[in-house]
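Me: Could you sit down with me and show me how to read a protein model? I would like the general idea of each feature, and then the case at hand.

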Amino acid sequence: MSDRKHGQLTVVAGTMFSGKTDRLIDKAVKLGDYGKKGGRNNVVVVFKPTIDTRSPAGFIKSETGKQLPCIDIASDKPENMISYLKDHSDVTHVFIDEAQFFPQTKKFVRIIIYILDMGVDVWAAGLPLDFRCEPFGAMPYLLARADIIIQLNEAHCNECGESGTFPQRLVNSKPANYNDQLIVVGGKDSYEVRCRECHELPGKPTF
């Protein structure tokens, strides 16, 4: 467990293809291989929601091909993370990839706080906005509670090449309608990165 009484919450936020999973994997590997805490090796565990089918079961995988073993957790059963930690009391760091797929509920926030209160540091990476450019899943709660926020702005707009911060959903190579299904797991075949100027959202409400 952490030397501090409470763990620290670090949130890595950025649009698609901005390097969030790479950052998570690099930090987890560094801590797991070389980190020391209180004279003991760090013990790292990685979780991801089962809805993320882009990565193989039991792994998180980045766009650059890096991957790391993980434990798959059903999006509606985030309390299973606590069950795991109670059975593995030596864990010092929890990493959560694709955090936006966990629900925007008080229950999820209480679970994260409970883990922090166990003295475990938490790193969570996810999309702050969905394709409608609205707060996505648990991310607004995590950002509000974070001790440290790492905002990645390394993606570029597919249309103009400027810095891109908005996910653009594509349906048959055209921008998705505002009323289309909210969560569709996909990669570069279904999504692009756009800047504010180039992002398109047919059917969006005026107010």
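Reply: We will go through strands, salt bridges, a pocket and some backbone angles. This is a predicted model, so local features need pLDDT of at least 70 and side-chain atom pairs count only at pLDDT 80 or more, while totals for chains, interfaces and linings use all residues. Residues are numbered from 1 along each chain as its sequence is written, and side-chain values use heavy atoms, with hydrogens and water left out.

Me: Let us begin with sheets. Which order do the strands have in the open sheet of 3 strands?

Reply: Strands of a sheet pair through backbone hydrogen bonds, either parallel or antiparallel. Strands are DSSP runs of E with at least two residues, helices are runs of H or I with at least four, and both are numbered from the N terminus. Two strands count as paired if DSSP finds at least two bridges between them. Here the order is β12-β11-β13, and the pairing is antiparallel. Strands β12 and β13 stand at the edges with a single partner strand each, so one side of each has no neighbour in the sheet. Between β11 and β13 there are 4 bridges, and Phe166 stands opposite Arg194 in β13.

Me: What about strand β4: which strands does it join, and in which sense?

Reply: Strand β4 covers residues 44-49. It runs parallel to β8 (residues 93-96), with 4 bridges between them, and Phe47 has Ile96 as its bridge partner in β8. It also runs parallel to β7 (residues 71-73), joined by 3 bridges, and there Lys48 stands opposite Asp72. Of the 6 residues in β4, 5 are buried. Buried means under 20% relative accessible area, exposed means over 50%, and partly exposed lies in between (1.4 Å probe, protein chains only).

Me: Now for charges. How many salt bridges are there?

Reply: Side chains of opposite charge can pair when their charged atoms come close. The rule for a salt bridge is a side-chain nitrogen of Lys or Arg within 4 Å of a carboxyl oxygen of Asp or Glu. By this rule the count is 8.

Me: Which residues form salt bridges with Arg194?

Reply: One partner is Glu159, with the closest N and O atoms 3.6 Å apart. That pair links distant parts of the chain, 35 residues apart: Arg194 belongs to strand β13 (residues 191-194), and Glu159 to the loop between β10 (148-151) and β11 (166-171). Glu192 also pairs with Arg194, at 3.0 Å between the closest N and O atoms. For Glu200 and Arg194, that distance is 3.4 Å. Shared partners join Glu159, Glu192, Arg194 and Glu200 into one network of salt bridges.

Me: Is Arg194 buried or exposed? And what about Glu200: buried or partly exposed?

Reply: Arg194 counts as buried because its relative accessibility is 4%. Glu192 is buried too. Glu200, at 40% relative accessibility, counts as partly exposed.

Me: Next, pockets. What is the volume of the largest pocket?

Reply: Rolling a probe the size of a water molecule over the atoms shows where empty space is left. On a 1 Å grid over the protein atoms alone, a pocket is an open set of points where a 1.4 Å probe fits, with protein on both sides within 12 Å along at least five of seven lines; lining residues have an atom within 4 Å of a point. The largest pocket has a volume of about 340 Å³. It is lined by 16 residues, and the closest to its centre are Thr21, Arg54, Lys61, Ser62 and Glu63. Helix α1 (residues 20-34) gives the most to this lining, with 3 residues.

Me: Last one: which residues have a positive phi although they are not glycine?

Reply: Most residues other than glycine have a negative phi, and most peptide bonds are trans. Asn172 has a positive phi of about 55°, and Ser173 has one of about 70°. Asn172 is in the loop between β11 and β12 (174-175), and Ser173 is found in the loop between β11 and β12 as well. Asn172 counts as exposed at 72% relative accessibility, and Ser173 counts as exposed at 69%.

Methods. Points joined across faces, edges and corners; volume = space filled by probe spheres on them.
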